[in-house]
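Work through the exercises below with the sequence and the 3D view open. Each task is followed by a solution in steps.

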Amino acid sequence: MTRKIRLGAFLPGGGQHVAAWRHPDQPVDGATSFDFHKQLALTAERGLFDAYFLADGLAVGFGGAREGGNARVAGFEPVTLFSALAPLTTHLGFIATSSTTYEEPYTTARKFASLDLISGGRAGWNVVTTTGDLTAQNFNRDTQLPHAERYRRAAEHVDVVRKLWESFEDDAFIRDKESGVFFDPAKLHDTDHRGEHFSVRGPLNVSRSPQGHPVIVQAGQSEDGRGLAAATAEVIFTAHQHIETAQEFYRDIKARARGLGRNPDHILVMPGVSAFVGRTEAEAREKYDRLTSLIVEEDGIGLLNGLTGGTLDLHGYDLDGPLPPAPPTEGMKSRQALIRQIADENNFTIRQLYQWIASARGHYTIVGTAEQIADTLQTWFENEAADGFNILPPWLPTALDDFVDLVIPELQRRGLFRTAYEGKTLRENLGLPFPTNRWAAGRAALQAAE
């Protein structure tokens, strides 16, 4: 099969841009409107996106920011939302974020396995380590866990979840009314995990889905994050401003995966892209300028305070002066470094910096026509920088409609994107292999050796 671009739709109901909720097209209650999320899901499926992707936070304001203009102050828990949306769609995948820092593996495994069954094999788990002292204070801690410890816990957490997802073999359920045999007990397996952070007996009380188990997605790009992604992820959500850094990340991840005995083609690297689409370049620029003009100064400062690690308070600084130095924290180290890189490379003032990152928080922003946006995506895709992209429409629903109605047809015209879904499950549509149950594989190997 000819290699195609994979696309995720990153669609927080309140909009991606920090000022999205103020746009005339954006419903002010979008973050907590189920009908609006339903509209977004149906549009994404109309556009043949692989998946609807949602981030998540475990504190008011998505990490603690409580500025009055912050539309992310409240929203739905993603797995709950996706369980309601899944029956309303037929092919669209649903990738929900869930924290390895504050959740137990059994709970994570159970809720994602349930979503996978409800959706007919269209679920994905975005593995994240959660940062921020304000979030920690919601979970019996005063401060966040150190970066290295978060990633050790995350690696073990993913390992346990994967073991739990293999509790039942694919053909364990017989359900024979005549014989009275509901399942084959020989094909149900305990987990029996004991490690540094978790002790889990198992087995999981949810069966396998049509895609085996949910697709594992990971979004970190620090050294620890790359190691976790190369070892465990099937899709990687990453942030880059330049094709050169995207290529370095792409090649590094593929090389690490190969070194771990994994097929690098079974790990899809999908950078985030925020697109302002116009029928002309001037129209696209007008859309960007209009949304930028709606940023509340306090929200821009709050956004930067969070993305620079939370220890730098920009209140009182000259907003038309440079970003002051900020020591790295135990938070999102790679994102802190990226924000500093953007400021330094562009010689941005504080105001210019928050205006630029307001639409995508460090992901790549493109302002242009469908042809110009397709040119950029094609260049990255064909030059070892991406296997696909997570599209972050700045405001909703209009920016999503623009991408579906203008950019998708251009990608299809170039033969770069599907014209129909390839299969029913998220794995099939992403071109990822079905995960073999290790217990069944072990039995098959023994039988072959006899």
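The model is predicted, so local features need pLDDT of at least 70, side-chain atom pairs count only at pLDDT 80 or more, and totals for chains, interfaces and linings use all residues. Residues are numbered from 1 along each chain as its sequence is written, and side-chain values use heavy atoms, with hydrogens and water left out.

**Exercise 1. Helix α8**

Task: Check the length of helix α8 (residues 243-259), then find which of its residues are buried and what covers them.

Solution: 
- Helices (H or I, at least four residues) and strands (E, at least two) are DSSP runs, numbered from the N terminus.
- The expected span of a helix is 1.5 Å times one less than its number of residues.
- For the 17 residues of α8 this gives 24 Å, and the end C-alpha atoms are 24 Å apart, so the two values agree.
- Buried means under 20% relative accessible area, exposed over 50%, and partly exposed in between (1.4 Å probe, protein chains only).
- In α8 the buried residues are I243, A246, Q247, F249, Y250, D252, I253, K254 and A257.
- An α-helix has 3.6 residues a turn, so residues three or four places apart point the same way.
- The cover over the buried residues of α8 includes α7 (223-232), β10 (235-238), β11 (268-278) and α13 (370-382); contact here is heavy atoms within 4.5 Å.
- After α8 comes G261, with a positive phi near 85 degrees.

**Exercise 2. Strand β4**

Task: Decide how far strand β4 (residues 123-128) is enclosed, and name the strands that pair with β4.

Solution: 
- 6 of the 6 residues of β4 are buried, so the strand is largely enclosed by the rest of the structure.
- In a regular strand the side chains alternate between the two faces of the sheet.
- On one side of β4 lie A123, W125 and V127, on the other G124, N126 and V128, and all are buried.
- Two strands pair if DSSP finds at least two bridges between them.
- Strand β3 (residues 93-99) pairs with β4 in the parallel sense over 6 bridges, and F94 has A123 as its bridge partner.
- From β3 the chain crosses through helix α4 (residues 105-118) to β4 in a right-handed β-α-β crossover. Right-handed means that, with the strands pointing away from the viewer, the path from the first strand over the helix to the second runs clockwise.
- Strand β9 (residues 215-218) also pairs with β4 in the parallel sense, over 4 bridges; there I216 stands opposite W125.

**Exercise 3. Salt bridges**

Task: How many salt bridges does the structure hold, and which parts of the chain does the pair of D387 and K254 link?

Solution: 
- A salt bridge is a side-chain nitrogen of Lys or Arg within 4 Å of a carboxyl oxygen of Asp or Glu.
- The structure has 28 of them.
- In the pair of D387 and K254, the closest N and O atoms are 3.0 Å apart.
- D387 is in the loop between α13 and β13 (388-391) and K254 is in helix α8, so the pair links distant parts of the chain, 133 residues apart.
- D387 counts as buried at 5% relative accessibility, and K254 counts as buried at 7%.
- E422 and R418 form another salt bridge, at 2.9 Å from N to O; E422 is partly exposed at 34%, whereas R418 is buried at 3%.
- A network of salt bridges links E223, R226, E248, D252 and R256.
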